[in-house]
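Have a look at the model first.

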Amino acid sequence: MARSKNKKCVFDFGKLQGRIKELHITQDSVAKYLNINKSTFSLKINNQVPFSQDEVNQMITLLKIPDDEIKVYFFKERV
């Protein structure tokens with residue numbers, strides 16, 4: 001199904017948030033690791049501002065996300 005040009009893609013970051021909690025890492029710590037402030041990270045994880053490719057790569061490393069699971073952490077669309 002084709003997406004409308006004007007419709008913003010909204011991602012489900014629930015699994016990403018769960019992984020952060022599972023590893024006992026705070027969102028503040030992730031923000032510091034990404035060299036952004038906590039409020040910016042909050043905007044990103046709440047779909048207000050997109051993550052950059054570099055930020056996604058850094059989080060994959062920090063959270064030890066397997067290559068075959070990247071899509072479900074970062075690119076699962078919310079329905």
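A quick word on terms: buried means under 20% relative accessible area, exposed over 50%, and partly exposed in between, with a 1.4 Å probe and protein chains only. Helices are DSSP runs (H or I, at least four residues), numbered from the N terminus. Keep in mind that this is a predicted model, where local features need pLDDT of at least 70, side-chain atom pairs count only at pLDDT 80 or more, and totals for chains, interfaces and linings use all residues. Residues are numbered from 1 along each chain as its sequence is written, and side-chain values use heavy atoms, with hydrogens and water left out.

Start with α3, where Phe41, Lys44 and Ile45 are buried. Down the helix axis, the buried residues of α3 fall within an arc of 90° (taken from the directions from the axis to the C-beta atoms), so they line one face of the helix. An α-helix has 3.6 residues a turn, so residues three or four places apart point the same way. The buried residues of α3 pack against α1 (14–22), α2 (27–34) and α4; contact here means heavy atoms within 4.5 Å.

After α3 comes Asn47, with a positive phi near 65°. Asn47 sits in the loop between α3 (38–45) and α4 (53–62), yet Asn47 is buried, at 9% relative accessible area. Its side chain reaches the backbone oxygen of Phe11 at 2.6 Å.

Phe74 is buried, with a relative accessible area of 2%. Beyond four places in sequence, Phe74 touches Phe11, Phe13, Leu16, Val56, Met59, Ile60 and Ile65.

Terms used:
Helices (H or I, at least four residues) and strands (E, at least two) are DSSP runs, numbered from the N terminus. A polar contact is a pair of N or O atoms within 3.5 Å; within protein, one must be able to donate a hydrogen and the other to accept it, and residues adjacent in sequence count only if both atoms are side-chain atoms.
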